[in-house]
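Colleague: I am new to this structure and would like to go through it with you. Shall we put it on the screen first?

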Amino acid sequence: MNRIFILSAALLYTCFASAQIDTEFWFVAPDIAQSHGDRPIVMRISTMEDTANIMLRMPANLSFSPITQTIDPNTTYSIDLTPWIDIIENAPADQILNRGLLLTSDNDVTAYYEIAHPNNPGIFSLKGKNAVGVEFYIVSQNDYYNQVGQESFDIVATEDNTTITIIPSDDIVGHPAGQMYEVTLNKGQTYTARAVFTTASHTLSGSKITSDKPIAISWQDDSIYQGGAYDVICDQIIPTNILGWEYIAIRGFANTNERIYVCGTKNNTTLWVDGNPTPVATINAGETYKYILPGANNTVYLEA
């Protein structure tokens, strides 16, 4: 059985998935369109049963003064990062920047990065060690165009002299679709691959990223339009070594236009839905399959 990467999109509603409990979190914040709403930006950290001493810093930018805080047990603490947005959002594209964030704690916490503008809210659930790896595929949607902004994936290195190989599935700033290229980053340095096109048929789904040392990747699609509304959708993605073969997608609040997008990571990957012995599709590495949730179903069980 082959592993798959899945995006469940209850489109135009902000969805929150639980963050990974951990003591170290790498993150790079994408450049969100200010014309629609990209601020305030906030890092929210929640403790477990123990007091946590946390530090948020930018390892490649020593001009950013580390932020420290002692957080009581079973408490959520918010850091307003808006004053530093111009050195945190990862732009311009196709350049090596020094914008990676590293959150550490002396006890287990969960964390997420929030774009808290009421017109364009988005949450990146930070996944700790589960966000760090050496092989990634991007999974995205191909039904809705960008009313504002463009799709991108943003990379942060966790070690010096990290060589990253990128094969974009569609044209990005500085590089055509399908052309392999490399960038080398030091610890805390970042790079953004940003889409050129904004039409629904153009997507970065299936783009492949590999590296010789661990990296973390954020993905966003800002702002996709449907039914008179448009919003950013986003996530911190996970590497292929911890992807799975079984997923349960739960219907959100949209009730209509809810879809699952599945990206294959191996050739000849067969997909089944809700235990039906007849496959719904067979996809290759980098190919994307879309499944529309039936109106009567609150959950979908997908197997590969």
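Colleague: In which strand is the place of Asp221?

Modeller: Bear in mind that this is a predicted model. The strand in question covers residues 208–226, and Asp221 falls in that range. The strand is E16.

Colleague: Which side chain of opposite charge is nearest to Asp221, and how far away is it?

Modeller: Asp221 is buried and has no salt bridge. A salt bridge would need a side-chain nitrogen of Lys or Arg within 4 Å of a carboxyl oxygen.

Colleague: Which side chain is joined to that of Asp221 by a polar contact?

Modeller: Residues that Asp221 touches, beyond those up to four places away in sequence, include Ser140, Glu151, Asp231 and Asn146. A polar contact of 2.9 Å joins the side chain of Asp221 to that of Asn146.

Colleague: Which element gives the most to the largest nonpolar core?

Modeller: That core has 28 residues, and Met43, Ile45, Leu81 and Tyr113 touch the most other members. Several elements supply at least two residues each, among them strand E4 (41–47), helix H1 (85–88) and strand E9 (101–115). With six residues, the top contributor is E9.

Colleague: Which residues are linked with Tyr113 into a cluster by ring pairs?

Modeller: Tyr113 is among the residues in contact with Leu81, as are Met43 and Leu101. A search of the whole structure finds seven aromatic pairs. Ring pairs link Tyr113 into a cluster with Phe27 and Phe124.

Notes: Residues are numbered from 1 along each chain as its sequence is written. This is a predicted model: local features need pLDDT of at least 70, side-chain atom pairs count only at pLDDT 80 or more; totals for chains, interfaces and linings use all residues. Side-chain values use heavy atoms; hydrogens and water are left out. Rings of Phe, Tyr and Trp (its six-membered ring) pair if their centres lie within 6.5 Å; planes under 30 degrees apart count as stacked, over 60 as edge-to-face and the rest as tilted. A nonpolar core is a set of buried Ala, Val, Leu, Ile, Met, Phe, Trp, Tyr and Cys residues joined through side-chain atoms within 4.5 Å. Buried means under 20% relative accessible area, exposed over 50%, partly exposed in between (1.4 Å probe, protein chains only). Helices (H or I, at least four residues) and strands (E, at least two) are DSSP runs, numbered from the N terminus. Contact means heavy atoms within 4.5 Å. Lys and Arg count as positive and Asp and Glu as negative; His and the chain ends are not counted. A polar contact is a pair of N or O atoms within 3.5 Å; within protein, one must be able to donate a hydrogen and the other to accept it, and residues adjacent in sequence count only if both atoms are side-chain atoms.
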